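Let's take a short tour of a protein model and stop at a few spots in the backbone and the side chains. Keep the picture open as you read.

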Amino acid sequence: MRCRPLLLRADDLLLPRETTDLLTLFDGLLHQPKYRASVIVLFDSADVLLADDHGRAVCRELVDCCAEYEVPLVISCRTRDQDPLYDVLGTIPSAVQELGDFRFGGEAEHSVDAHCAYYYRDQAAARRREAYDAVIGAAVRGLPMQEVVARPLTLRMLFEVYAPQVPTTEIDAAGLYDAYWTKRVIGDRRHGSASTVDVDDLSPAAEGVARIMLRDGGVAVPSAHAVQLLGIAAPRLLPVTAPTALATLHRRNVLTGSGGHDGSSTCFFHQTLYEYAAGRCLVSLVNARQQPEIFAELGRRLEATPDDCLRSVIAEQAILQGVRDERAARPVAADLIKQLVTSDNHYLQIIALRAYALLPFVPHTVKTMMHRFLPTAPLALVTTMLELLPTRRHTDVRRVTEDLFIILQHRPQARRMALDLLCRFAGMDGKVDGTGAAAAVRDLPRDLCTSPQECVDRAPGTGTTSWGCPAHTCLWSWLLSLPLQEATSHGNHAVRLVTAMASAEPDWAATRMTELLDLAEHHRSARWLWQCIPPISAHRHLTDWGPLIERAAALAEGLGNPDRIRRQNRPAAFVRKAGTAIGTTPAGPGQDAGSEGFESEEQEAHVLLAAHWGVALADAPPIAAFDQLVGVGALFSGPQMRIRARVAALGTRLRTVESGVPEFLDHAVARCKDSDQIDDVAETLLPALLRSPGDEPGTRSARDWCARQLKEMSKRAPGTRPHRAARFAASGLHPLPADEIREIVKDAWGGGASWQQDRLDRVFLVRDSATRLLAPMAATDTTGRGRESIALRRWRALEQERTRQLSLGANNWPTYGDGGTWDKPERNAVNTILHASLRDHAQAHPDLVAHALAQEIALADIPWLAELVSQAADHPHVNIAHTLLMRHGPELANTTESLAMLLREGNAGANTVAEHLRVLTEALAQIPHASSAKILVRVDGAGATHGLLTHIESLNTTRRTVRYTVGGKIGDADEQAIAQLPETAWETSLHQHGSIQDGYAVAELTALNTREG
């Protein structure tokens, strides 16, 4: 087993040494068999070596050395340098892996979480979570923070700069390096410290070290060499001696190395910090008049070697800092942008575009040239620019929208990415005086529209059914004309854009949201409506937004499912693995905001609507309010969604009532006419009243009332039906988590004392009893020997015996309870309830599935297991699906899955033995070994061939039994034999899953009919 990692830094391999070089030492170590058998080489920052021929040769030598000795090599390299790295690797086998930046989907999130735990270790957990959410939320949405989070050492810089404060979401790399330079180079103020520890400004020293590295063409320098040259290389006078400056920069975590000892190296702790320092150095040299032509020289070198990655990044940093500087460096840096953007080389154009995107201000001549370039620029370059725009450094909001105007006019392929940018840019500065980003974004659709008064500024209620205008450049018309599925499955940019504008431009945004509601009504699109409701609810306090929530509520009653509020009280809905809240984070570029799914959007919308309707609940005594809601006639007459929401709100109100809750519940039961109404009212009212915490007076009273009803039901005399209040209690308890249900009813049923079988039947297996509570109570029975587990096994036994009777053609149904028989309609009612309850609670308690499978999938369990498997297949991203398919996949596959198939020519014959044998062999190979002891092969008439049936019989072994049934054409001899059968020979026919197949019967014909051959 390899367990000894050896870390090699790329800059160490470049460093000249006075003794044997590092690669020679490394080769000597690998000569030792025991050493190379246990070592794993970790090669960090390979991109450092890829900037020139010498570095690539060193990298190749290391790779060849590891390949020769068959030593695993793990390489870390920044993503943008992957291609040069693969050129170096050539045909090296797959033992060599390439590790890029942190990836989202686990790796980056884990790293951010670890940084928060370290840098916020003295803060409250809520503070750590706030920091995590700010960083990850911004990165996932594609904000400039994404570039920071993806790089390990840059992420570390982020927390060292900002902790214990929460970082802002708009931090790009340049802004982060500025902050790090201020806190660590200009002075020394560690994270969490309000005061400066060391006040010496060591910018000249840090820039001088970068200048030495630039001259040597590497990212590291011998420490002794740095001490000797620093005084000359520094662009300005050093405040302290060179050795002191270097030692201090090491202490401030700006440089790493031994700080001056012979043979040691000095480098910046992060390569991108070196690139930043080198850019500052070039600007300082121009401003100090030491090398005013250095930017022109940099441009010439870039044109000579455009693929020099290191020089390209340094050039980008030099341009950024030069244009931001108000001294001599600004015009020469601007000239370099113009030189690069007019180049024919895409590498150089990318440098210019990245710098342009990150700059808060650019000279007019640069902007004009960029606007001439963007309409014909390759789409990849335009995308690069959009990925970086905007940041909080953009003080000129009109410049951003002018850039986007050019892109949207000429590059329709970039519309979605541009819209993502507009949605986050609109609310960036928070200005509401007409001068901020929101006003600029509002004007952009107008500028792109040829008839704004009939389109993007159209007043609501004009009576027209047309949407937008015919102009091909009109952004708003394009949004409204998208096919519904496309519009709603990518985050609904129209809704997101209006939402982003709501705070700063409430009147315009309210008018546009009204138009979106009209569109939802016109297309009868429920999903469009669900996407409108969260922003409407969030902004209902703004001018003209208040009436929109009632308009949306009225539409919901026409488009939504009136039974939704009842169904959303199911005990355990499918939950995604990612734990983000619904609707809190807009989607980023390329990310499907609809990935949360229609059901999540619908659920969030209904929760918000329920809160809106609940506010209007009449301020009357509970009984009077309840009677007013359910009406004098039928329960829940009128707008059902609205009434259900208010009944649930009434349950919430009752939690704090000091007295009268039992009387109210008795009254509610009395108002229900039949069992369906009992279930309907209980499932709407009680969950809000009973759920944890249970320390409020009304909740305690309601829980006691439910326990009392269930206790009386469990003691009822044989031959009597359970009373209605017990069913009401059971129906209201069922949606609660199983642990809470057990907590409420544990005292009602006398702890764990055993019950006789007839009592178990009366409590759990009789209609109007506690059947709904059987599954959750069994799920929390940790011993498997409790009364609920016994009752569940009893139910399976009853179903098994009933199926046996059917197979015999008899109707001697098993008896249970008070002497009744396990047959229609009692059995059907109990099974319907129990199947639904098992399916719902199995999602939170997979052991219910395990217990069912332990019975080798009893016939009683097939309906709910099949539905659960179907849900898991439809939602493979959720926890329950993962548990089911990974833990119980082979067993569940025994139900209905297709195992093999064969595409054949259209004129192929039906009785081709060879092809039947092929499909059968492939199908049997798919069956798990543990499930292959007993196999039934069913074949229709096409398989009635000697070759196939003989082969099936040959499959029988001492460990495997294979049986078969085969169809065939009924001939005259068969009809004569059938006519001889007495009436008593016919037995009931069953479906494959065990239920009766009405209208069909079977009989044994073997003794009456024989065939030759």
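## A buried arginine

First, a quick heads-up: what you see is a predicted model. Start with R442, which sits in helix α23, spanning residues 437-448. With a relative accessibility of 16%, R442 counts as buried, because the cut-off for buried is under 20%.

What does R442 touch, leaving aside residues up to four places away in sequence? Its contacts are M501, E505 and W508.

## Cysteines

How many disulfides does the count come to? The answer is zero. Two cysteines to look up are C59 and C706: C59 is buried at 0% relative accessible area, and C706 is buried at 0% too.

## Cis peptide bonds

Most peptide bonds are trans. Now look at A163 and P164, which are joined by a cis bond with omega of about 10 degrees. P164 belongs to the loop between α9 (152-162) and α10 (173-186).

Further along, the bond from S692 to P693 is cis, with omega near 0 degrees. You'll find P693 in the loop between α35 (675-690) and α36 (697-714).

## Positive phi angles

Most residues other than glycine have a negative phi. R524, though, has a positive phi, near 50 degrees. R524 lies in the loop between α27 (506-523) and α28 (526-538), and at 56% relative accessibility R524 is exposed.

D544 has a positive phi as well, near 70 degrees. Its place is the loop between α28 and α29 (546-559). Since its relative accessibility is 49%, D544 counts as partly exposed.

Key: Residues numbered from 1 in each chain as written. Predicted model: local features only at pLDDT ≥ 70, side-chain atom pairs only at ≥ 80, totals over all residues. Heavy atoms only, no water. Disulfide = S-S within 2.5 Å. Buried < 20%, exposed > 50% of the residue type's maximum accessible area, 1.4 Å probe, protein only. Helix = DSSP H or I, 4+ residues; strand = E, 2+ residues; numbered from the N terminus. Contact = heavy atoms within 4.5 Å.
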